[in-house]
Amino acid sequence: MARREVSLVDLLDRLLGTGVVVTGSLTLGIADVDLVRIDLRAMIASVNERVPSPWEGGEPL
């Protein structure tokens, strides 16, 4: 397999152009007793004219 160097800007451009989904889970506990659980699901993508705004009226809240 050939190694290919990719700049950070090119990598971010490619990820934002196609979109990326980040998921994760964190559980805090003591003595095998779960106290706090945090789940994360986020989609990161670029926005352009073809993608409608998620806010009413097109303006952020």
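The side chains of Asp-39 and Arg-37 meet in a salt bridge, with an N to O distance of 3.4 Å. The model is a predicted one. A search of the whole structure finds one salt bridge. Side chains of opposite charge can pair when their charged atoms come close. The two partners fall into separate accessibility classes. Asp-39 has a relative accessible area of 46% and is partly exposed. Arg-37 reaches 61% relative accessibility and counts as exposed, because the cut-off for that class is over 50%.

The overall architecture is brief to state. Gly-19 follows α1 and has a positive phi, near 95°.

The average pLDDT of the protein chain is 79. A score of at least 70 is reached by 75% of the residues. Where pLDDT is low, the predicted coordinates should not be read in detail.

Burial was examined next. Of the 61 residues of the protein chain, 0% count as buried. None of the 11 residues of α1 is buried, so α1 lies largely in the open. The accessible surface of the protein chain comes to about 6300 Å². Carbon and sulfur atoms account for 58% of that surface. Contacts were also sorted by sequence separation. Among contacts in the protein chain with a separation of 6 or more, 20% join residues 24 or more positions apart.

Part of the surface is a nonpolar patch. Its members are Val-6, Leu-8, Leu-11, Leu-12, Leu-15, Leu-16, Val-22, Leu-40 and Ile-44. Together they have about 720 Å² of accessible area. The greatest contribution is that of α1, with five residues. An α-helix has 3.6 residues a turn, so residues three or four places apart point the same way. The patch members include Leu-8, Leu-11, Leu-12, Leu-15 and Leu-16. Ile-44, also a patch member, lies in strand β2. At 40% relative accessibility, Ile-44 counts as partly exposed, because this value lies between the cut-offs of 20% and 50%.

Most residues other than glycine have a negative phi. Ala-31 is not a glycine, yet its phi is positive, at about 55°. Asp-32 is likewise not a glycine and has a positive phi of about 60°. Ala-31 is placed in the loop between β1 and β2, and Asp-32 is placed in that loop too. Ala-31 counts as exposed, at 70% relative accessibility. Asp-32 is also exposed, with a relative accessible area of 83%.

Notes:
Residues are numbered from 1 along each chain as its sequence is written. This is a predicted model: local features need pLDDT of at least 70, side-chain atom pairs count only at pLDDT 80 or more; totals for chains, interfaces and linings use all residues. Side-chain values use heavy atoms; hydrogens and water are left out. Patches are made of residues with over 30% relative accessible area and no salt bridge: like charges are joined within 9 Å, nonpolar side chains (Val, Leu, Ile, Met, Phe, Trp, Tyr) within 5 Å. Accessible areas come from the Shrake-Rupley method with a 1.4 Å probe; for residues, only the protein chains shown count as cover. A salt bridge is a side-chain nitrogen of Lys or Arg within 4 Å of a carboxyl oxygen of Asp or Glu. Helices (H or I, at least four residues) and strands (E, at least two) are DSSP runs, numbered from the N terminus. Buried means under 20% relative accessible area, exposed over 50%, partly exposed in between (1.4 Å probe, protein chains only). pLDDT is the predictor's confidence in each residue, from 0 to 100. Contact means heavy atoms within 4.5 Å.
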